[in-house]
Amino acid sequence: MFDTTPHTHQLQTLGISEETLALQVKRLTDGAQPIQIVRPATVGDGILRFDKEQCARLTQAYDQQKASLRITRFVPASGMATRMFKFLYYFLEKYNPTQETIRAYLNRTKTYKLGVFIGGIEKLPFYKELEEELKSSNIDEIDSSTFYYHFIRLVLEKYGHKPKALVPFHRYADTTRTAFEEQFRAALAFAVTDNTTHHHFTITEEHIEDFKSIGARIQKSISQQQGVTALVDYSVQHPNTDTITVDLDNQPILNENGNLIFRAGGHGALIANLNQIQGEVIFVSNIDNVPVESRHQDFGQYKKVLAGCMLDIQKQIFDHLEKLDSGASVAEAKNFLQNQLQMEIPKLSETEERAFVINKLNRPIRVCGMVPNENEPGGGPFWVAHAGQQSLQIVEQAQMNADNPQHVEALQKGTHFNPVDIVCGVYNYKGEKFDLNQFVDAEAYFVTEKSLQGKAVKALEHPGLWNGAMANWNTVFVEVPVRTFNPVKNVNDLLRTAHQI
């Protein structure tokens, strides 16, 4: 271990102990731990599929109970829009408007994404605003190649360095809405109790004033238009969850001031933020998965189904635990654990079996929507083996080994994709809140290769929020329609039907 003495003050400021730093370096040196995938979860084998009558029953159950529950939305919103415009940055770097037209450039480079962008440019939510700005500069009077070039430059200038949450996503007759605002509006379809809706956004500290200012205007608008009070609070990723950066020889890298270089530890660090939320029902979703207003009711309908499912299973768990507390036989709870939560129970003594069942039941619960796979990038539902037990987990492709035939086969046979549509229950049967940090699989971390000033470096990411950070929760997967999944990973996704009026 290198000498940390010169960095004592920096570590104290961040709230990172020497022991934590040593563990981070060890994990970077050891690399990510291999994951043992057994098979993909499919309908009938780890994924529930509800018919119309079941959906209606679960929706009704949620609607009947929600008035007595604290309901909160938890939306990670710190991601920057840079990646959303990646191909536009590449275009500006490579294209010279004085040497060729954009049509010639497209014919020469076969750049499909750029062609789609230009072909649908007038349908983009920010087109009218930027067109007016270019008109004031007389750029609209120049040839189309020059107009497109300056339009793209203006897009990146205005939105490229903003959080994705604050980029216009939808254009209406007299206004545009950012993803941030549309999340508030969509919640009116499923997360209102006593004319109040609660939201929690995780953001970066440098943009907190922007969020607060824009959020206040949205709150006022919703109150005036809908008569609903929209409560909102924000949190940032804690500095003590940052992780050290090392070179390829696993030696910590120093900056020009001689300080250690730390990076944000990935979205898994947000388990600490989620742990502060007090709601009995917590909806977790990504900031960019939100459709236009005409689709809000359908969007909210399936969130109600997931919430109704969570409350139903949670009640059954609570009933079993209360009976066990009263001395009931373990047989009924054991049967529930095996058949409803699809959990294996090893051969144990009677006393050990009872303790095992109670331990497995008395955990946070998450019900996760899963959409049929349409080759979207990201994680999916799998059966995973760990410490002699199989469990349902969301596994990212980055956790899989392309050289492992079992992983390759499981990925090929996978039928569903994780859209990050999760409903959480974080209280136990006694009304006490779980400490979510106690249910993290700390060994499910990621080691990734990054670039720093042109040199390859290694970075450590905490177990993902819906991966290792929730690995030891009770997990239920439910199939939801593909139409509920409308992410905006690159700007062209705004041209999809779900984001157009």
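What follows is a short tour of the strands, the cores and the ring pairs.

Trainee: What should I know about the model before I start?
Mentor: This is a predicted model, in which local features need pLDDT of at least 70, side-chain atom pairs count only at pLDDT 80 or more, and totals for chains, interfaces and linings use all residues. Residues are numbered from 1 along each chain as its sequence is written, and side-chain values use heavy atoms, with hydrogens and water left out.

Trainee: Okay, strands. Which strands does E7 pair with, and in what sense?
Mentor: Terms come before the case. Helices (H or I, at least four residues) and strands (E, at least two) are DSSP runs, numbered from the N terminus. Two strands pair if DSSP finds at least two bridges between them. Here, strand E4 (residues 71–76) is joined to E7 by five bridges, and the two run parallel. Phe74 stands opposite His200 in E7. Eight bridges join E7 to strand E8 (residues 229–236), again parallel, with Ile203 opposite Val236 in E8.

Trainee: What handedness does the unit of E7, H10 and E8 have?
Mentor: A crossover is right-handed if, with the strands pointing away from the viewer, the path from the first strand over the helix to the second runs clockwise. E7, H10 and E8 make a right-handed β-α-β unit.

Trainee: How many residues of E7 are buried?
Mentor: Buried means under 20% relative accessible area, exposed over 50%, and partly exposed in between (1.4 Å probe, protein chains only). In E7 (residues 196–203), seven of the eight residues are buried.

Trainee: And which way do the side chains of E11 point?
Mentor: In a regular strand the side chains alternate between the two faces of the sheet. In E11, Val281, Phe283 and Ser285 point one way while Ile282 and Val284 point the other way, and all are buried. Five of the five residues of E11 are buried, so the strand is largely enclosed by the rest of the structure.

Trainee: What does E11 pair with?
Mentor: E4 and E11 pair in the parallel sense over four bridges, and Arg73 stands opposite Phe283 in E11. Four bridges also join E11 to strand E16 (residues 421–425), but those two run antiparallel. Ser285 stands opposite Asp421 in E16.

Trainee: Where does Ile287 lie, and what is it in contact with?
Mentor: Ile287 lies in the loop between strand E11 (281–285) and helix H12 (296–325). At 9% relative accessibility, Ile287 counts as buried. Contact means heavy atoms within 4.5 Å. Leaving aside neighbours within four places in sequence, the contacts of Ile287 include Val75, Pro76, Ala179, Phe180 and Phe201.

Trainee: Now the cores. Which residues touch the most other members of the largest one?
Mentor: A nonpolar core is a set of buried Ala, Val, Leu, Ile, Met, Phe, Trp, Tyr and Cys residues joined through side-chain atoms within 4.5 Å. The largest here has 49 residues, of which Phe85, Leu88, Phe117, Phe151 and Val491 touch the most other members. Its largest share, eight residues, comes from helix H8 (residues 144–159). Apart from it lies another core, of 46 residues, among them Val305, Met343, Val371 and Phe485.

Trainee: How many aromatic pairs are there, and how do I read one?
Mentor: A pair of aromatic rings is described by the distance of the centres and the angle of the planes. Rings of Phe, Tyr and Trp (its six-membered ring) pair if their centres lie within 6.5 Å; planes under 30 degrees apart count as stacked, over 60 as edge-to-face and the rest as tilted. The whole structure has 21 aromatic pairs. Phe117 and Phe151 form a tilted one, with 6.4 Å centre to centre and 50° between the planes. Phe117 lies in helix H6 (residues 112–119) and Phe151 in helix H8, so the pair ties together parts that are 34 residues apart in sequence.

Trainee: What about Phe180 and Phe211?
Mentor: Phe180 and Phe211 are edge-to-face, 5.0 Å centre to centre with 85° between the planes.
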